[in-house]
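Welcome, and thank you for joining this tour. Please open the model in your viewer and keep the selection tool at hand.

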Amino acid sequence: MTESIRFLMCSPDHYDVDYVINPWMEGNIHKSSFDKAREQWQNLYHLIKDHAIVDLVTPAKGWPDMVFTANAGLVLDKTVVLSRFYHKERQGEEPYFKTWFESQGFTVHELPKDLPFEGAGDALFDREGRYLWAGYGFRSELDSHPLIAEWLDIEVLSLRLMDERFYHLDTCFCPLKGGYLMYYPPAFDSYSNRLIEMRIPPEKRIIVEEPDAINFACNTVNINQMVIMNKASENLKARIEEAGFTVLETSLTEFLKAGGAAKCLTLRVTEPVIVDRHAVVKVESHTVLMEGHLLDAGLINRALDLVVEGGGSFKVLNFNLGEQRQSTSKAEIKISAPSHEVMEEIISQLIDIGVVSLEDDQRDARLQPVEQDGVGPDDFYVSTIYPTEVRVDGQWLTVQHQRMDGAIAISETPNGLVAQCKILRDLKVGERVVVDVVGLRTIRKTESREARNAPQEFSFMSAGVSSERRVELIVEQVAWELRQIRDRGGKVVVTAGPVVIHTGGAQHLSHLIREGYVQALLGGNAIAVHDMEQSIMGTSLGVDMKQGIAVKGGHRHHLKVINSVRRYGSIATAVENGLVKSGVMYECVKNNIPFSLAGSIRDDGPLPDTQMDLIKAQEDYAELLQGADMILMLSSMLHSIGVGNMTPSGVKMVCVDINPAVVTKLSDRGSVESIGVVTDVGLFLSLLVNQLDKLTSRYGVVQVG
Ligand code: ARG
């Protein structure tokens, strides 16, 4: 027996599965056998007693999980951080454990009331005493980690748990003597896995596979060269033995029903103490402010979800609820993240949804010089579609040419400092680029409450993907908007793919152009080719557009069209010379509607107008998009997504595609002004033209019907 090693256990007199607070307990209420549990516990008790001293705490009636003493608290030397249970079902255990610790002369630290932490179940010392691994995500709160570091004067490494079956760190993670670590990597997020890999060299990692993990193999008691666990596969046993340990298996099936095994049933109260240790915490906190229709517009949920999904944690410090329908709410939220890196990621996403960082009112943005034309600094801030301001030398600059996925470049001009959104390739030596996420804010209009509450199909203010039955309602809304934009001399840009032609939409799109609803057309080689093929030969990719059947030899039609247009030197000349007598391209030429056709690797021909220099094509697109009020994206994934990235917020986007993935992808860019319609594009266009005709009477009087 090793005199200096002590454990705390609690006899299972009142043990049972009485409630469900983890997935293991589900379906197991009152299903564990009292006698079997007692016997299994006794076996474990004796095994441990052979090698260490075991102290006992008196079990309390009504607290069935008290057997799991790992959750009593976290002990180091003569100090203990008492557990604050997450679930009320276990909170009643706290005073019993507290009394025991005090009776043994420990200094007991208690966490604030709303800061859960479940003791050694969620915090495991490196067995060499160098640092503490602490879990969060289910039972323990990240914000408890800095306090633990301070009280125990130790470095704390925070690990985020992702799989609810492994809700406590000790269910999937087990540091062993000699610097070994036995663990189940999928239970953690990728950041945590990286942290583990940085600290534990590969030869010291014992990776546990799922079948062993769900037998609680990681829930192991390690006493010197011995490991005690419920069960391990031959393969795992061999690997543990190779690392120099003896494996002792003892069945604990009755406790598995409550979600615990060997390690959970014990609390080591003598931990190796390293004398020259000191507190280190990487956990960072940051206070942010949100304002707007936080509840009605669902903003607060989105923000808090982003924090948690990003690996952080939050505390709402203040919530000022707007009382009237029109009044806005205000919230002050403290965000915590396990590291600066994770914090940066979270904050940049929060900035996207208009959250203001409070500290940033006082801080300038961090800038780094461009050292090579066309290349930004490593950590450059990636821009969004939202109007952004950046603080330089104490003054807030409005960023010009806002777009997504750019960098923010600061340059000195005779008129002072200028901030501009630039794509990487346009960065120039001499400019400075914003890195990190401090000193930045995005300006968001307060989303109107009414718009939020209106039926979604009438509202551009809600990013949503429609279902079939909503199509007609959306068409009504789009028609109304098109009409308004045309009448006030606004600008509508259409991006379109060849599907528009294949689905019979050419005549409708032509109609829209002719009637003045379209101010620019963006596409690729294909839409123009198939449109002219239909106009010249009556087929689209060789399919007869009237009868819907393939024409013999029709697959060559489009090449012949390309060839003819090439002979004329441009689409415009081909139109002027009567080769093309109708269709989308015809209307563009006749009505002086500018178009840009961006080339691609698969283009046949291409047409003389197709821009095969992609950088040039992107520039042409960007120019035609300037000042757009609305963009109609018709069944062209590449062009639509490209356009989406170039467009600042505030421009209404309607994306029509039969493929929901394309539609979702565009709504996902976070713009509340974008709306997705999953439907056949030809059908959509015909409904749209119909609706517009209804709206346009001879006297210009609007008949809403
Ligand atoms: N039923 C208990 C709970 O869900 C089991 C605790 C297991 N303890 C542990 N350290 N993993 O809290």
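Predicted model: local features only at pLDDT ≥ 70, side-chain atom pairs only at ≥ 80, totals over all residues.

Zoom in on the backbone here: phi of Asp153 is near 55°, a positive value in a residue other than glycine. Asp153 sits in the loop that runs between α4 (144-152) and β8.

Ser635 is not a glycine, yet its phi is positive, at about 45°. Is Ser635 buried or exposed? Ser635 is buried, with a relative accessible area of 9%. You will find Ser635 in the loop between β34 (630-634) and α20.

While you are looking at backbone, select Gly605 and Pro606. A cis peptide bond joins this pair, with omega about -15°. Pro606 belongs to the loop between β33 (595-598) and α19.

Now zoom out and colour by domain. The domain assignment of the protein chain gives domain 1 (6-281), domain 2 (284-450) and domain 3 (471-696). Between domain 1 and domain 3, the C-alpha centres are 62 Å apart.

Where does the largest pocket lie? Domain 2 (284-450) and domain 3 (471-696) both give residues to its lining, so the largest pocket lies between them. The largest pocket holds about 940 Å³ of space. Its lining has 37 residues, and those closest to the centre are Gly524, Ser600, Ser636, Leu638 and His639. To see the elements that give two or more residues to this lining, select α15 (525-537), α16 (557-568), α19 (614-625) and α20 (637-646). Of these, α20 gives the most, with 7 residues. Colour the lining of the largest pocket by residue type and you get 18 nonpolar, 13 polar and 6 charged residues.

How many cavities of 30 Å³ or more does the structure hold? There are 7 of them. The largest cavity has a volume of about 250 Å³. Select Leu124, Arg127, Lys263, Arg268 and Glu271, which are the closest to its centre among the 19 residues that line it. Then show the strands around the largest cavity: β3 (73-76), β6 (123-125), β9, β12 (221-223) and β15 (267-268) each supply at least two lining residues. By type, the lining of the largest cavity divides into 12 nonpolar, 3 polar and 4 charged residues.

The second largest cavity contains about 70 Å³ of space. To centre the view on the second largest cavity, pick Asn22, Phe68, Arg90, Tyr167 and Ala258, which lie nearest its centre out of 14 lining residues. The lining of the second largest cavity is made up of 6 nonpolar, 5 polar and 3 charged residues.

For the last stop, select helix α5 (residues 190-199). Which residues of α5 are buried? They are Tyr191, Ser192, Asn193, Leu195 and Ile196. Show the neighbours too: the buried residues of α5 pack against β7 (132-136), β8 (155-160), β9 (173-176), β10 (180-183) and α10 (340-352).

Methods
Residues numbered from 1 in each chain as written. Heavy atoms only, no water. 1 Å grid on protein atoms, 1.4 Å probe; cavity = no way out; pocket = protein on both sides within 12 Å on 5 of 7 lines; lining within 4 Å. Points joined across faces, edges and corners; volume = space filled by probe spheres on them. Helix = DSSP H or I, 4+ residues; strand = E, 2+ residues; numbered from the N terminus. Nonpolar A, V, L, I, M, F, W, Y, C, P; charged D, E, K, R; others polar. Domains from an automatic or database assignment. Buried < 20%, exposed > 50% of the residue type's maximum accessible area, 1.4 Å probe, protein only. Contact = heavy atoms within 4.5 Å.
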